[in-house]
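I opened this notebook to record what I looked up in the structure, entry by entry.

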Amino acid sequence: MSDVSSANLGTERVLYGYWRSSAAYRVRIALHHKNLPFENVPVSLVNGEQRSAEHLARNPQGLVPALVDRGATFTQSLAICEYLDEAYPDTPRLLPSHPAERAGVRAMAQLVACDIHPLCNLRVLKYLEAELGQDADGKKAWVARWLHDGLAALETLAEPVAGDYLFGDTVTLADVFLAPQLYNARRFDADLAPYPLLRRIDETLAELPSFQAAEPSRQPDAQ
């Protein structure tokens, strides 16, 4: 499904994001997977639009994404995806019904969202350069350090439970978080050879229409 105008579909669901933001990428995947139409409104992180008064009113952190749905505004990609799963239970679910399985999927998603991504995002890399004097090689080494810690753990977590996807044979929240993280890893030329399971699943996900529609290069603000 392509991004479409909310006005044409009678919905007020709007996603404020940036084409290369892995957090916004996750929410796009979730929306497409659950067949929920939305308007995609770009917020340029390069031009500093995330710090505008208009955007800070949506997200006081000055980050993306922010999702407006049913008259409410939601932030933080993990919270948004779980909200979508709970608010639209008749669409394809991202979390299993069994509590233990649900906890396993959440652990994988949180490993990416809480332990890898925050250390490798744009504002951290800018701080490394501006405040700590790191050049491109220094930033690349920093990213590789935290990527490999997290991806090695994720590979191990997935080994006993993976099927076609990270947790069994159904797309879950774990997969929604995996694909954008590996996209980021490739941006930094990270060596993904040590993670054959993650790479195999990522290749499978890349064939799904919902993941293809959410891919950064297909977004209206892609550069």
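**Entry 1. Core.** The core holds 65 residues, and L84, L173 and F177 touch the most other members. Helix 8 (residues 173–187) gives the most to this core, nine residues. Domain 1 (13–91) and domain 2 (99–209) each contribute at least three residues to the core. For burial I used relative accessible area with a 1.4 Å probe on protein chains only: buried is under 20%, exposed is over 50%, and partly exposed lies in between. Helices (H or I, at least four residues) and strands (E, at least two) are DSSP runs numbered from the N terminus.

**Entry 2. Basis of the values.** I note that this is a predicted model, in which local features need pLDDT of at least 70 and side-chain atom pairs count only at pLDDT 80 or more, while totals for chains, interfaces and linings use all residues. Residues are numbered from 1 along each chain as its sequence is written, and side-chain values use heavy atoms, with hydrogens and water left out.

**Entry 3. F177 and helix 4.** I listed the neighbours of F177, taking contact as heavy atoms within 4.5 Å. Not counting residues up to four places away in sequence, F177 touches R26, S77, L78, C81, A109, V112 and A113. I then asked how many residues of helix 4 (residues 77–87) are buried. Nine of the 11 are, so helix 4 is largely enclosed by the rest of the structure. The buried residues are S77, L78, I80, C81, E82, Y83, L84, D85 and A87. Their cover includes helix 2, strand 3 (66–69), strand 4 (72–75), helix 5 (99–120) and helix 8.

**Entry 4. Domains.** The chain is divided into domain 1 (13–91) and domain 2 (99–209), with bounds that come from an automatic or database domain assignment. Over C-alpha atoms, the domain centres are separated by 20 Å. The contact between the domains takes 15 residues from domain 1 and 19 residues from domain 2.

**Entry 5. Largest pocket.** I searched on a 1 Å grid over the protein atoms alone; a pocket is an open set of points where a 1.4 Å probe fits, with protein on both sides within 12 Å along at least five of seven lines, and lining residues have an atom within 4 Å of a point. Grid points are joined across faces, edges and corners, and a volume is the space filled by probe spheres set on the points. The largest pocket has a volume of about 840 Å³. Its lining has 34 residues, with L45, L63, H117, N121 and L122 nearest the centre. Helix 2, helix 4, helix 5, helix 6 (122–130) and helix 8 are the elements that give two or more residues to this lining. I sorted the lining of the largest pocket into 15 nonpolar, 11 polar and eight charged residues; Ala, Val, Leu, Ile, Met, Phe, Trp, Tyr, Cys and Pro count as nonpolar, Asp, Glu, Lys and Arg as charged, and the others, Gly among them, as polar. Where does the largest pocket lie? Both domain 1 and domain 2 give residues to its lining, so the pocket lies between them.

**Entry 6. Second largest pocket.** The volume of the second largest pocket is about 170 Å³. Its lining includes Y25, A179, Y183, R186 and D202. The largest share, three residues, comes from helix 8. The lining divides into six nonpolar, one polar and three charged residues. I followed D202, which is found in helix 9. D202 is buried at a relative accessible area of 10%, and D202 touches L178, A179, L182 and R186, not counting residues up to four places away in sequence.

**Entry 7. Backbone.** I found a cis peptide bond joining V64 and P65, with omega about 5°. P65 is in the loop between helix 3 and strand 3. R70, not a glycine, has a positive phi of about 55°. R70 sits in the loop between strand 3 and strand 4 and counts as exposed at 58% relative accessibility. D189 likewise has a positive phi, near 55°, in a residue other than glycine. D189 is in the loop between helix 8 and helix 9 and counts as exposed at 57%.

Definitions and conventions:
Core = buried A, V, L, I, M, F, W, Y, C linked by side-chain atoms within 4.5 Å.
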